[in-house]
Amino acid sequence: VFNDPATTEIYTEQIVGSVRCVQETAQVQFDEKNQVHFKILRSIYSKLTEVDLCPRYGPHWEMIGFQGNDPATDLRGVGMFGLLQILAFLSQHKEILKSVSYTHLTLPTIYSVQISVVAGSLKT
């Protein structure tokens, strides 16, 4: 398959397109006024906690692995790509992400894992 120049060119174009899409999505910053952005964020919270409603700010975000009361600050380097990546991983591997996100509540700080940091690391 990869010996055929036409096939190789098609795959190369698809890979380049996928990389470009990831880069562009990472540049889209979380927008306070965008209802879809908050719905994605709330979906992550809801899937992890099984609680449907949550305020935009508060310590409940730290409970699921964000670094502070405002998850948007954790997304500065990864943009919406980081948020979508968490949601996608959660859709496929909910139990793994639940165990990772709650780990920081029981382990000393040096061993804790924040889901936002993991999402940021996976983008590169």
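The paragraphs below go through the helices, the ring pairs and the charged residues of this structure.

This is a predicted model, in which local features need pLDDT of at least 70 and side-chain atom pairs count only at pLDDT 80 or more, while totals for chains, interfaces and linings use all residues. Residues are numbered from 1 along each chain as its sequence is written, and side-chain values use heavy atoms, with hydrogens and water left out.

Helices here are DSSP runs of H or I with at least four residues, numbered from the N terminus. Helix 1 covers residues 5-27 and has 23 residues. From its first C-alpha to its last helix 1 reaches 33 Å, close to the 33 Å expected at 1.5 Å a residue; the expected span is 1.5 Å times one less than the number of residues. Thr 7, Thr 25 and Ala 26 of helix 1 are buried, where buried means under 20% relative accessible area, exposed means over 50%, and partly exposed lies in between (1.4 Å probe, protein chains only). Helix 5 (79-92) is included in what covers these buried residues, with contact taken as heavy atoms within 4.5 Å.

Helix 2 has 15 residues and spans 21 Å between its first and last C-alpha, close to the expected 21 Å. The buried residues of helix 2 include Phe 38, Leu 41, Ile 44, Tyr 45 and Leu 48. An α-helix has 3.6 residues a turn, so residues three or four places apart point the same way. After helix 2 comes Glu 50, whose phi is positive, near 60 degrees. Glu 50 is exposed, with a relative accessible area of 57%, and is placed in the loop between helix 2 and helix 3.

The next topic is the aromatic rings. Rings of Phe, Tyr and Trp (its six-membered ring) pair if their centres lie within 6.5 Å; planes under 30 degrees apart count as stacked, over 60 as edge-to-face and the rest as tilted. The count comes to 2 aromatic pairs. The ring centres of Tyr 45 and Trp 61 are 5.3 Å apart and their planes stand at 65 degrees, so this pair is edge-to-face. Tyr 45 lies in helix 2 (residues 35-49) and Trp 61 in helix 3 (residues 60-63), so the pair ties together parts that are 16 residues apart in sequence. Trp 61 also forms an edge-to-face pair with Phe 66, at 6.0 Å centre to centre and 85 degrees between the planes. Trp 61 is buried at 0% relative accessibility, and Phe 66 is buried at 1%.

The charged residues come last. A salt bridge is a side-chain nitrogen of Lys or Arg within 4 Å of a carboxyl oxygen of Asp or Glu, and the structure holds 2 of them. In one, Glu 32 meets Arg 56, with the closest N and O atoms 2.5 Å apart. Glu 32 lies in the loop between helix 1 and helix 2 and Arg 56 in the loop between helix 2 and helix 3, so the pair ties together parts that are 24 residues apart in sequence. Glu 32 is partly exposed at 44% relative accessibility, whereas Arg 56 is buried at 13%. Arg 56 also forms a salt bridge with Asp 70 (2.8 Å, N to O). Asp 70 sits in the loop between helix 3 and helix 4, 14 residues from Arg 56. Shared partners join Glu 32, Arg 56 and Asp 70 into one network of salt bridges.

Definitions and conventions. Helices (H or I, at least four residues) and strands (E, at least two) are DSSP runs, numbered from the N terminus.
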